[in-house]
Every structure is written in structure tokens, then in C-alpha cells.
Amino acid sequence: MSDSRARDILSRQAELESERSQYEHVWEAVSEFCDPDAPDMWSGRRQAGADSQAERQERRGSRVYANTINSAANRLAAGLESLIIPQSEKWHGLSTAAINDDETDEEKEWAEALRDFLFSLRYSANSNFVPATQACLRNVVRYGPAYLYAEEGFGSTLIRYASIPVVEGYLSRNRWGQVDIFHRRYERTARQAAQLLGYDRLPARIKVLVDDPAKCETKISLIQCIQPRDERKMYSLSGSYQYLDTAFASYHVIEDEEAIVRESGFRSFPVSCFNWRRYEGDPYGISPTIEALTTVREENAVRRSGLRALQQITDPATASKARLDYVPVLNPGENYPGLIDDAGRPLIAPIATGQNPTYAFNYADSRAEEIRDMMFVNLFQTLVQNPQMTATEALIRQEEKGALLGPSGSIIQSGFASNLDRELGILEDKGLYEAASCRRRALPARRCGRPSPARSTCCAARPRHATPSRLSPPPCRWRSSIPA
């Protein structure tokens with residue numbers, strides 16, 4: 001039976017798809033030139049089925065003749081990782097001080113221990129933080145938006161991370177430009193849907209597919225909707241009010257059934273959204289690859305023409321007399337009797353049109369260099385360009401790198417600050433600030449052995465203004481080491 005809430009979610013999904021459709025044609029072109037080995041995720045949505053890797057390679061091999069943008073995007077994504085979230089460094093700090101307050105040594109010790117604990121969670125073997133963040137940075141460089149999902153884990157892995165593909169994400173922003181509604185439209189097999197949502201919650205038609213071994217791999221379209229709750233229930237405890245439910249609701253809807261099969265919630269927004277640059281009123285933004293797309297098409301077209309001119313030289317067309325019964329394939333070192341007339345003239349001759357591909361390749365090289373400049377590749381090749389550079393020159397180039405990448409890096413940094421909010425919320429729900437938990441996690445117990453605090457806000461752009469309670473650990477504030 002269809003649910004009115006499910007119909008409302010599907011209606012909003014249609015609106016979000018209509019809004020995002022104006023971006024998808026550009027993203028499809030980016031995928032064609034910049035990520036040629038990836039599946040055709042945009043066109044695959046409109047076709048009956050996905051193409052195989054061999055079919056994609058053959059089709060794109062006949063259209064893409066330059067790999068400059070692909071290698072440049074990979075270099076830029078790797079450079080952003082080394083600048084913003086280097087794996088060998090503690091790339092952010094935590095502060096317990098409020099505005100115009102100084103930290104005590106005890107507070108500094110507590111904040112530093114909590115920071116080290118967060119890094120140990122992120123870089124644990126099963127958290128998937130590194131692959132997820134690398135995928136997000138690649139999406140930022142190629143498409144503009146990227147989505148990092150932090151989910152509560154159990155056992156030895158307290159937090160798990162996943163990068164949501166750009167093709168699956170639909171978003172809506174509030175009046176401050178922050179993402180507060182997120183839809184994820186994705187496909188899973190019937191068997192995977194039962195594992196994800198629970199067999200008992202599935203509609204009868206889906207249960208039949210799960211129970212049939214021949215049909216359990218049938219794909220099912222699902223939509224996960226994350227949105228703020230319109231109304232929240234509260235209760236009073238010792239003169240203070242607490243919420244009974246979470247700030248954000250989560251619904252899983254089976255699209256064909258128009259039914260909500262799972263309902264849950266999050267205390268903090270679970271999806272951290274990243275952008276390269278975004279204008280006001282633009283929900284998804286643009287990327288450096290999109291900015292360079294015109295030059296990418298130009299280089300691709302010129303290289304294609306240059307290769308055709310080169311083939312006219314290395315494998316030219318031939319002309320023969322009309323009375324020749326056959327035209328053999330002329331291989332080097334072969335003897336072809338009867339192809340010379342009585343006067344010693346060949347009966348087959350190449351058609352020389354005087355093509356010179358040098359000009360085309362030189363022009364394509366200049367376009368490739370322009371693409372590298374637009375993708376900031378030259379910023380990460382300081383020693384390659386000048387191996388004899390002095391320490392002063394290297395320092396100036398490092399400052400230049402931070403100045404050029406600082407604006408976009410700050411936007412990406414705000415996404416990681418949002419992710420930090422989510423991480424602290426998950427750990428708070430797991431009892432991180434309780435005394436017994438602090439001893440297990442090697443956190444200082446003097447500051448942590450107190451009741452669980454109110455939600456902390458850790459963000460560089462908006463520090464915590466409230467004064468911490470005497471009975472709770474002080475709120476944290478993001479302190480970044482990313483160059484401005």
C-alpha cells in the first residue's frame with residue numbers, strides 16, 4: 001500500500017531530478033574526456049542496461065584522442081589531498097576555549113587526546129576513510145560536488161565512511177546555502193535490499209524475489225531521503241528541555257512500491273557536501289574540469305586531425321590503373337609480381353597530398369599546457385621545472401600554491417569541518433565523554449569523567465560562542481592546519 005509520505009518524497013525527487021538535469025549533460029562530457037575508464041553512469045541511466053568495460057573502451061577510444069585532462073585531474077586531486085588532509089600529519093586541531101578565553105593545560109591535553117583518537121579512528125583498517133575521501137576529492141575536481149557519508153559502526157570500527165557517487169546524489173539547500181535535504185537514488189539487488197533494510201520490512205513482491213534464487217539478483221530502485229524533522233518532541237528534565245527524537249529524519253523508499261520500508265534518524269546531518277566553487281543560487285557548483293572543458297574539446301579535435309594527417313604520411317591512400325583487377329595490401333618486404341608495367345613504372349602509387357601534422361601537434365601541445373595551468377598541475381612540479389631552486393624560491397612557490405588553491409581549499413575544508421561535527425556526534429552517542437569510556441579510549445579522565453555534553457560544534461567558520469557547563473566537557477572548535 002502506498003504511503004502519503006512516500007508519495008511526497010517521490011514528488012520531491014522528481015523536482016530535484018528536473019533541477020539537476022541541466023548539469024548532467026556537462027557531467028557526461030566530463031566523464032567522457034576526464035574519466036574514460038569509468039562506467040557510463042549518466043547515459044547508463046537512460047539506457048536499458050549498463051555497457052561492459054570492453055564496449056565502453058571501444059566506443060570512447062573512437063572519440064577521445066587526448067588524455068591530458070584525465071592525468072591533470074588525478075594530479076590535482078592528489079595535490080589537494082597532500083595539502084588539505086595529508087596522511088602523514090595531524091591536519092586539524094581541537095580547541096576547548098570559547099571566544100576571548102585561554103585554554104588551561106588540562107583542557108589542551110584533553111583536546112589533543114581527543115584529536116589523536118579521532119585520527120586513529122579515521123585511519124583504522126576498516127573505516128574506509130582514505131578511499132572515501134580520495135574519491136570525494138576526485139569528484140570535486142571533475143564534477144564540482146562530492147558527498148562523504150559517515151555512518152555509525154559497531155565492533156572495532158566505530159565510524160565507517162563512504163563516498164556517495166555524484167550520479168546518486170540530489171540536494172536542496174536552506175536559506176543560508178547549507179544542504180539540509182539530501183536524496184540518494186540508487187539500485188540494489190533484491191538480496192542486498194533484504195540485507196540493508198531487513199527482510200520483514202520488504203513488500204510482498206520484493207520478498208518473492210528474495211526467496212527465488214533465480215530472481216534474487218533483480219535490481220530494485222531505492223531512494224533514501226534525509227531531511228529535517230518538521231516537529232520534534234521534547235521533555236523536561238531538572239528544568240532543562242531535551243529532545244526525544246533526532247534532528248534529521250531518514251526514510252528509505254522503494255520507488256516502484258511507493259512505500260517507506262525503513263525509517264530512522266540522525267542527530268547531525270550525516271552527509272558532508274564538498275564543492276570546488278559555487279555561485280549563489282547554484283546548488284551544485286562547478287569544477288576546474290568544467291572550466292577547462294572548452295579547451296579540452298579543442299585539444300581533442302586538433303589531435304584527431306593531426307593523427308589523420310599523420311596517417312596520410314605513414315599509411316597513405318593509393319591510386320592504381322583502372323584495368324588492375326585487384327589492389328593488394330602492400331606489406332613491407334613483400335614481392336608483388338605484375339605491379340610494374342613494361343616501362344618500369346609501378347601500377348600502384350601513393351596519393352601524396354602534402355599533409356604536415358607538425359603544426360597540429362604543436363597547437364595541441366599548447367592547448368595541453370593551458371589545460372595543465374587551469375588544473376594547477378604546474379604548482380606541484382616545482383622541482384621538475386627548476387631542480388636548482390633555492391630554499392627562498394621554494395618557500396615563495398609554496399606560498400603561491402597556498403594563495404592560488406586557498407579559496408577552493410577553504411570550501412573543501414568546510415566540508416571536513418562538517419564531517420567532524422558528524423564524527424563527534426556519533427562518538428557522543430556511543431558514550432565517549434563518560435568516565436569508563438574515556439579510560440578505555442585513553443582520554444584524560446579528569447575532563448571527561450562527566451555526563452555527556454550538549455552537541456559540540458566544530459567548525460572553522462563559526463566558532464563556539466556558548467560557555468561550557470561545569471558538568472560537561474567544553475565544546476571543541478576546529479583549528480585547521482590548511483594553508484589559507
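Arg367 has a relative accessibility of 18%, so it counts as buried (buried means under 20% relative accessible area, exposed over 50%, and partly exposed in between, using a 1.4 Å probe and protein chains only). This is a predicted model, where local features need pLDDT of at least 70, side-chain atom pairs count only at pLDDT 80 or more, and totals for chains, interfaces and linings use all residues. Residues are numbered from 1 along each chain as its sequence is written, and side-chain values use heavy atoms, with hydrogens and water left out.

**Salt bridges overall**
- A salt bridge here is a side-chain nitrogen of Lys or Arg within 4 Å of a carboxyl oxygen of Asp or Glu, and the count comes to 21.

**A pair inside one helix**
- Arg367 has a salt bridge to Glu370, with the closest N and O atoms 2.7 Å apart.
- The two sit 3 residues apart in helix H11 (residues 358–374), so about one helical turn separates them. Helices (H or I, at least four residues) and strands (E, at least two) are DSSP runs, numbered from the N terminus.
- Glu370 is partly exposed, at 28% relative accessibility.

- Glu32 and Arg63 form a salt bridge, their closest N and O atoms being 3.5 Å apart.
- This pair is 31 residues apart, with Glu32 in helix H1 (residues 4–34) and Arg63 in the loop between helix H3 (53–61) and helix H4 (68–84).
- Glu32 is buried at 17%, while Arg63 is partly exposed at 33%.
- Arg184 pairs up with Glu168 in a salt bridge, with closest N and O atoms 2.8 Å apart.
- Both Glu168 and Arg184 are buried.
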